[in-house]
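I kept each entry to what could be read from the structure itself.

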Amino acid sequence: MDRTRSTVGGVALAAAVCLFAGVGIRAQQPPGQNPGAKWTDDELRRAVAPARVGRKLTPVKWPNNARVAVCLSFDVDNESFLLARGETSPTTLSAADFGAHSGLPRILAMLDRHQVPASFFIPAVSAMLHPEMIPAIMKSGRHEIAVHGWIHEYPPTLADAAEEERLMNQAIDFLTKATGKRPVGYRAPSWAFSAHTLDLIRKSGFLYDSSLMSMDEPYEVMSNGSATGLVELAIDWTLTETPYLGRGGTLPSPDKLFQLYREEFDGAYEEGTTFVLTLHPHVVGHRAPMRYLEELVAYIKAKPGVWFATGEQIARYVKTAEPRP
Ligand SMILES: [Zn+2]
């Protein structure tokens, strides 16, 4: 996800990409059209069928009898989102470049202080422009590196399935070469599936996706009535910071947002499910939100029975564990 505003595309485009990415491109049609109001029952069912909830995958028990699984995830968008849209203003790019120079090192240092793992979803171009990032993330041996597009392209507006597949394969190849390991996790740029994305990530053999939002616990994705075997580690527009902080944000201080995160974690802890948080180095990596993030990590760590894990570790576990009845 990215809410960095583009002077090329203008504020309206950036807002549209972000606000409507989660509900599909039909939401971008002019008001007054409401084509769905004329769809038949079958058409409505077909419209929602491509990616639905299958088996719930919260296990009977977590490793080491933990009560909850916590996945801290970071989308390392940096300049990729802007470059994909042709933005070349040095000042605009510099605000996103902050993610590589100040944001990521601060995040990695904080994770080291608390000795917890995280998953980093990286557009390949972000890693290409800052080749020091991947070795820095890999240094501790705790973190996962996963796919977040080639250049944070917007999948619903790519030309066709072949173009999307080309970019996905470029991203997989780049990260495989840079890390020495084929990535197993996928998160769509702008969290937006095209009509082809799910088929392509299945074809590429990904273990899990983390772009959908139908539940706040893990589930298997169903596609047009068939089980896909793909684990979904669902995310949510409130469990991220870009709509609320930074240049495009609406909050003057992170305190309310991190209060929400804490209460969401408390709920996941009570339910014994998962807490998946998604943040961005170029936004959360600033000084004030980092203070709140570190306090949140310390709060979660202080609770007994918390399993901090990467998306890969959680997905591998729930895929074979006995699910709750
Ligand atoms: Zn992103």
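With which side chain does the side chain of Ser73 make a polar contact at 3.0 Å? I worked on a predicted model, and there I found that the partner is the side chain of Arg187.

**Entry on Ser73.** I placed Ser73 in strand β2, which covers residues 68-75. Its relative accessibility is 1%, so I noted Ser73 as buried, the cut-off being under 20%. Besides the contact with Arg187, I recorded a polar contact of 3.1 Å between the side chains of Ser73 and Thr278. When I set aside the neighbours within four places in sequence, I listed Ser119, Phe121, Arg187, Leu277, Thr278 and Leu279 as the residues in contact with Ser73.

**Entry on Arg142.** I next turned to Arg142, which sits in the loop between α6 (133-138) and β4 (144-147). Is Arg142 buried or exposed? I wrote it down as buried, because its relative accessible area is 17% and the limit for that label is under 20%. The side chain of Arg142 makes a polar contact of 2.7 Å with the side chain of Asp112, and a polar atom of the Arg142 side chain also lies 3.3 Å from the backbone oxygen of Leu111. Not counting residues up to four places away in sequence, I found Arg142 touching Leu111, Asp112, Gln115, Val116, Pro117 and Thr310.

**Entry on α4 and α11.** How do the axes of helix α4 and helix α11 cross, and within what distance do they come? For α4 (residues 90-114) and α11 (residues 287-302), I noted that the axes come within 11 Å and cross at roughly 20 degrees. That angle makes α4 roughly parallel to α11, since angles under 35 degrees count as such, and the crossing is right-handed. On the α4 side I listed Arg106, Ile107, Met110, Arg113 and His114, which meet Arg287, Met290, Leu293, Glu294, Val297, Ala298 and Lys301 in α11. I sorted the residues of this contact into six nonpolar, one polar and five charged.

How values were computed. Residues are numbered from 1 along each chain as its sequence is written. This is a predicted model: local features need pLDDT of at least 70, side-chain atom pairs count only at pLDDT 80 or more; totals for chains, interfaces and linings use all residues. Side-chain values use heavy atoms; hydrogens and water are left out. Helices (H or I, at least four residues) and strands (E, at least two) are DSSP runs, numbered from the N terminus. Buried means under 20% relative accessible area, exposed over 50%, partly exposed in between (1.4 Å probe, protein chains only). A polar contact is a pair of N or O atoms within 3.5 Å; within protein, one must be able to donate a hydrogen and the other to accept it, and residues adjacent in sequence count only if both atoms are side-chain atoms. Contact means heavy atoms within 4.5 Å. Axes are lines fitted to C-alpha atoms, for helices over the stretch in contact, and angles run from 0 to 180 degrees between N-to-C directions. Angles under 35 degrees count as roughly parallel, over 145 as roughly antiparallel, 65 to 115 as roughly perpendicular and the rest as oblique. A crossing is left-handed if the near helix is turned anticlockwise from the far one by less than a right angle, and right-handed if clockwise. Ala, Val, Leu, Ile, Met, Phe, Trp, Tyr, Cys and Pro count as nonpolar, Asp, Glu, Lys and Arg as charged, and the others, Gly among them, as polar.
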